[in-house]
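Biologist: Hey, can you walk me through this model? I'm new to reading structures.

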Amino acid sequence: MDIQPFIEAHWLDILSTVLGVIYIVLEYRASIALWFVGIIMPAIDTYLFWSVGLYADFGMAIYYTLAAIYGYAVWKFGKKHGQKEKEEMPITHMKRSLYLPCVLVFLAAWLSIYEILIHFTDSNVPVTDSFINALSFIGLWALSRKYLEQWMVWIVVDIISSALYAYKGIPFKAGLYALYVVIAVMGYFKWKKMMLAESTLKA
C-alpha cells in the first residue's frame with residue numbers, strides 16, 4: 001500500500017498533531033515553553049481549518065496565536081496575590097466570584113460566533129464549532145492565569161473537538177484531541193499535586 005498520497009494529503013494535519021503533542025506535554029508539566037509551541041501550531045491550523053470549512057476554528061487559531069503571546073507575558077511577568085518577588089506564578093484555584101462572569105462571557109461568545117457562522121459562512125456544524133471555540137476562550141484565559149480549573153474546561157472541549165474533527169475528515173487532529181482528553185485528566189491531578197506542594201512549601 002502506497003501511503004505517500006495519504007501523507008501528502010494530510011501532512012499539515014500530521015505536523016500540527018506532532019506540535020500538539022509537544023504542546024500538551026509542556027502544559028502538563030506547567031512549562032512556560034508551551035507558549036512558544038502555542039504560537040507556531042495555530043499558525044499552521046489557520047490554513048488547515050479554513051481548508052475544511054471549520055471557520056470558527058480558523059478564527060480561533062488566529063486568537064490562539066495572540067493568546068499564546070499574552071499567556072507567555074502573564075506567566076513570565078504576571079503577579080498573583082501573595083506571590084513573592086521573582087517567584088514563578090503559582091498554580092491556584094479560580095475564585096468562585098469569576099464563575100458567573102466566565103459563564104456569561106462563554107454564552108455571549110457562543111451566540112456571537114454562531115451568528116457569524118450561519119450568516120457569513122457555509123459551515124454545516126455551526127452549533128458545535130461555535131460551542132468549542134467559545135469555551136476555548138475561557139480555557140485559554142484560565143490557562144494564562146494558571147488556574148487548576150482550566151483542565152476541566154479542556155476536557156469538555158477536547159471530547160467534543162475529537163468527534164467534530166473525525167466528522168470533518170481530519171483524522172490525526174481527531175486522534176490528537178482524543179489523546180488530549182486523557183492528558184487533560186492526568187494534567188488536572190498533576191497540577192493539583194503541584195499546587196498542594198507549593199502551598200506546603202509556603203506554609
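**Loops, helices and rings**

Modeller: Let's start with Ala30, which counts as buried because its relative accessibility is 9% (buried is under 20% relative accessible area, exposed over 50% and partly exposed in between, with a 1.4 Å probe and protein chains only). Keep in mind that this is a predicted model, where local features need pLDDT of at least 70, side-chain atom pairs count only at pLDDT 80 or more, and totals for chains, interfaces and linings use all residues. Residues are numbered from 1 along each chain as its sequence is written, and side-chain values use heavy atoms, leaving out hydrogens and water.

Biologist: Okay, where does Ala30 sit?

Modeller: Ala30 is in the loop between helix 1 (4-28) and helix 2 (34-51) (a helix is a DSSP run of H or I with at least four residues, a strand one of E with at least two, numbered from the N terminus). Ala30 has a positive phi of about 55°, although it is not a glycine.

Biologist: And what about the phi of Lys146?

Modeller: Lys146 has a positive phi too, about 60°, and is not a glycine. You'll find Lys146 in the loop between helix 5 and helix 6 (150-167).

Biologist: Is Lys146 buried or exposed?

Modeller: Buried, with a relative accessible area of 1%. Its charged end sits over the ring of Trp75, 4.5 Å from the centre (that takes NZ of Lys or CZ of Arg within 6 Å of the ring centre and within 35 degrees of the ring normal).

Biologist: Switching to helices: how do the axes of helix 3 and helix 5 cross?

Modeller: The axes of helix 3 (residues 55-77) and helix 5 (residues 126-144) come within 10 Å and cross at roughly 5° (axes are lines fitted to C-alpha atoms, for helices over the stretch in contact, with angles from 0 to 180 degrees between N-to-C directions). So helix 3 is roughly parallel to helix 5 (under 35 degrees is roughly parallel, over 145 roughly antiparallel, 65 to 115 roughly perpendicular, the rest oblique). Among the residues making this contact are Tyr70, Gly71, Val74 and Trp75 of helix 3, and Leu140, Leu143 and Ser144 of helix 5 (contact means heavy atoms within 4.5 Å).

Biologist: What does Ser144 touch?

Modeller: Not counting residues up to four places away in sequence, Ser144 touches Trp35, Tyr70, Gly71, Val74, Trp75 and Met89. Ser144 is buried, at 2% relative accessible area.

Biologist: Then how do helix 2 and helix 3 cross?

Modeller: Their axes come within 8 Å and cross at roughly 170°, which means helix 2 is roughly antiparallel to helix 3.

Biologist: What about aromatic pairs, how many?

Modeller: There are 15 (rings of Phe, Tyr and Trp, its six-membered ring, pair if their centres lie within 6.5 Å; planes under 30 degrees apart are stacked, over 60 edge-to-face, the rest tilted). Trp50 and Tyr55 form an edge-to-face one, 5.1 Å centre to centre with 75° between the planes. Ring pairs also link Trp35, Trp75, Trp151 and Trp191 into a cluster.

Biologist: Last one: what is Phe58 in contact with?

Modeller: Leaving aside neighbours within four places in sequence, Phe58 contacts Thr46, Phe49 and Trp50. Phe58 is found in helix 3 and is partly exposed, at 25% relative accessible area.
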